[in-house]
Amino acid sequence: MADLIRNIMNKKITEVSYIGEPKSNTAMFLSAKAGHLLDNLETVENCLIFAEEGLNVPSNLLEKHSFKFSANPQLAYYYFTKKISDQLTQNNQLKEYKVLDNGARIGENVSLGDDVKIGADVIIEHDSWIGDHVVLGSGAIIQRAKIENNVRIGENTVIGADGYNLVRDENGNLLSMPTLGRVEISQGVTINSNCTISAGLAGVTRIGSFSHIDSLSHIHHDCQIGEEVEIASSVSMGGFTTIKSGSFVGIGTNIKNRIVIGKNVLIGMGSVVIKDIPDNSKAYGVPAQVIE
């Protein structure tokens, strides 16, 4: 494994991507049950794929990419990405912050648009991108993020938090996968106070234009929120959840990971969503059921 990592790093593979949306010259992992996603590798080049033993890979993909097969590809991927994460942490420790009179801190290589209002004790981490007419409430933390114009972030909200994805090592110990992805927030979005928007583990968590997310909600890693979606207070969404445009999610709803909620859907308050909800429907309950 050490030789493989050295060889790949020499080829400048120092970034990651998600097999569902791969990018050239990046690393990723692939389980056998997700083998149908192999087709996504046709349009990219020079990727390192930590793949599960027994996965049937077409010969043309074996030639254009580097595959490392193992019984636990997620663990192999962890060891590789941990080196990238540790290097990034080291680099960031050498960077400095500009401190404003109200105690806010702005890191290096931060792009700030016109008329950005920065509240007391806000932290904008290195390499963030923020557009015009953005409001950052006091105590907000912005990292691993691109925020477009006319966005409002409420007090004590965290944008770009670590994701939550665990893997066990050879001794059965739980390890937390590094978070190397980002958050992209489109124009006109409002996110109220005390929310957490996790960055993608390797890809992007997206919030679509003019969507509204109320206080105390948690949008987990790699979620995809469409345009003009309304998410009420205290909603919790698992990773890789998709909510399509025009939908409404009621107060206190919990949504299982990898669920797809269609367009113009209404989810009643307090629901527990454990299966996909089709377009133009209403659902509520524990577990949530579509109302005919």
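Modeller: In this discussion, buried means a relative accessible area under 20%, exposed means over 50%, and partly exposed lies in between, with a 1.4 Å probe and protein chains only. By that definition, buried residues make up 47% of the 292 residues in the protein chain. This is a predicted model, in which local features need pLDDT of at least 70 and side-chain atom pairs count only at pLDDT 80 or more, while totals for chains, interfaces and linings use all residues. Residues are numbered from 1 along each chain as its sequence is written, and side-chain values use heavy atoms, with hydrogens and water left out.

Biologist: What makes the protein chain as compact as a globular protein of its length?

Modeller: The protein chain has 3 helices and 34 strands, these being DSSP runs numbered from the N terminus (H or I, at least four residues, for helices; E, at least two, for strands). Its radius of gyration, 20 Å, is close to the 19 Å that the globule rule gives for 292 residues, so the chain is as compact as a globular protein of that length. The radius is taken over C-alpha atoms, and the rule is 2.2 Å times the number of residues to the power 0.38. Along the principal axes, the C-alpha atoms fill a box of roughly 55 × 50 × 35 Å.

Biologist: How do you know that the reach of helix H3 is close to the expected one?

Modeller: The expected span is 1.5 Å times one less than the number of residues. Helix H3 covers residues 73–93, 21 residues in total, and reaches 30 Å from its first C-alpha to its last, close to the 30 Å expected. Among the buried residues of H3 are Tyr77, Phe80 and Ile84.

Biologist: Why is the pairing of Tyr18 and Phe240 called tilted?

Modeller: Rings of Phe, Tyr and Trp (its six-membered ring) pair if their centres lie within 6.5 Å; planes under 30 degrees apart count as stacked, over 60 as edge-to-face, and the rest as tilted. By this rule there are 6 aromatic pairs. In one of them, Tyr18 and Phe240 are 4.9 Å apart centre to centre with 45° between the planes, and the pair is therefore tilted. Tyr18 lies in the loop between strands S1 (15–16) and S2 (26–30), and Phe240 in the loop between strands S26 (236–237) and S27 (242–243), so the pair ties together parts that are 222 residues apart in sequence.

Biologist: Why do Tyr18 and Phe240 receive their accessibility labels?

Modeller: Tyr18 has 26% relative accessibility and counts as partly exposed. Phe240, with a relative accessible area of 19%, is buried.

Biologist: What makes Phe50 and Phe80 an aromatic pair?

Modeller: Phe50 and Phe80 lie 5.7 Å apart centre to centre, and 45° between the planes makes the pair tilted. The pair links distant parts of the chain, with Phe50 in strand S3 (residues 48–52) and Phe80 in helix H3, 30 residues apart. Phe50 is buried at 0%, and Phe80 is likewise buried at 0%. Phe29, Phe50, Tyr77 and Phe80 form one aromatic cluster.

Biologist: How do you know that the charged end of Arg258 sits over the ring of Phe240?

Modeller: The criterion requires NZ of Lys or CZ of Arg within 6 Å of the ring centre and within 35 degrees of the ring normal. The charged end of Arg258 sits over the ring of Phe240, 4.2 Å from its centre.

Biologist: Why is His65 called buried, and which residues does His65 touch?

Modeller: His65 has 5% relative accessibility and counts as buried. It is found in the loop between helix H2 (59–64) and strand S4 (66–70). Contact means heavy atoms within 4.5 Å; not counting residues up to four places away in sequence, His65 touches Leu41, Val44, Glu45, Asn46, Cys47 and Ile49.
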